[in-house]
Amino acid sequence: MKKTIEIEINKYEKPIRELVGKSIAEVNYYEIDYGEPMWNEIEYHTLDYGIELVTSDKLNFYFVWGNEYTQYDLKFRNGTISAEFSTENGAKKYNATNNQKWTELIGAKISGIESCWSYWSLINEDKRNYYPQDVRLEFENGKEVWISALEIRDGRIIGMQDHLTLVFDKKTAEKYKIGIKNVV
């Protein structure tokens, strides 16, 4: 069983590793249009859909909540986020490149990635459903960003939601239990 999970983790991380050695030039957040951005929290950013990263070599990558392994897992793809949805169906794009949380990351090369997987089971603990919950991007300047398929509401952590939460420091990640290895 452990070998199967390791194979899935490697398969999942392989396309994300394309980011290693690249630097981010632009960050776009996409969320349902509530009339104003809902993501600009002090401790973290929470998005009611996804994030698109544009690298300095003009390639696009994105994270959204998906359903590849289970409902509301963390989906990663190379390409534009418009493959998932469009602004015609109520989504709004916000450029977050100049947001204070991103300024130290823009232009810095990504030096590593790590995915953290979790699981759920209904009745039988032996029948676990594993899925990617979090991805940590590490930058050459020592900074990190965690991208997680969870929502923080009224200080409570709610996993497997149609939200992505981004945290930008280890202390906040630990506070909200983001990046904790639950599998291997």
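**Ground rules.** I number residues from 1 along each chain as its sequence is written. The model is predicted, so I take local features at pLDDT of at least 70 and side-chain atom pairs at pLDDT 80 or more, while totals for chains, interfaces and linings use all residues, and side-chain values use heavy atoms, with hydrogens and water left out.

**Entry 1: salt bridges.** I looked up the total and found 11 salt bridges (a side-chain nitrogen of Lys or Arg within 4 Å of a carboxyl oxygen of Asp or Glu).

I started with K11 and E8, whose closest N and O atoms are 3.9 Å apart. Both lie in helix α1, three residues apart, about one turn of the helix. Helices here are DSSP runs of H or I, at least four residues, and strands are runs of E, at least two, numbered from the N terminus. K11 counts as exposed at 51% relative accessibility, and E8 as partly exposed at 24%. For these words, buried is under 20% relative accessible area, exposed is over 50%, and partly exposed is in between (1.4 Å probe, protein chains only).

Next I checked D57 and K22, which meet in a salt bridge at 2.7 Å, N to O. D57 sits in the loop between β3 (49-55) and β4 (60-66) and K22 in the loop between α1 and β1, so the pair ties together parts that are 35 residues apart in sequence. D57 is partly exposed at 38%; K22 is buried at 18%.

K75 and E84 also pair, at 2.9 Å, N to O. K75 is buried at 16%, and E84 is partly exposed at 25%.

**Entry 2: D73.** The D73 side chain does reach the backbone nitrogen of Y69 at 2.6 Å and that of T70 at 3.4 Å. D73 lies in strand β5 (residues 73-78). Beyond four places in sequence, D73 has contacts (heavy atoms within 4.5 Å) that include W65, Y131 and A149.

**Entry 3: E13.** E13, in helix α1 (residues 2-16), is buried at 10%. Leaving out residues up to four places away in sequence, E13 touches I113, E114 and S115.

Terms used
A polar contact is a pair of N or O atoms within 3.5 Å; within protein, one must be able to donate a hydrogen and the other to accept it, and residues adjacent in sequence count only if both atoms are side-chain atoms.
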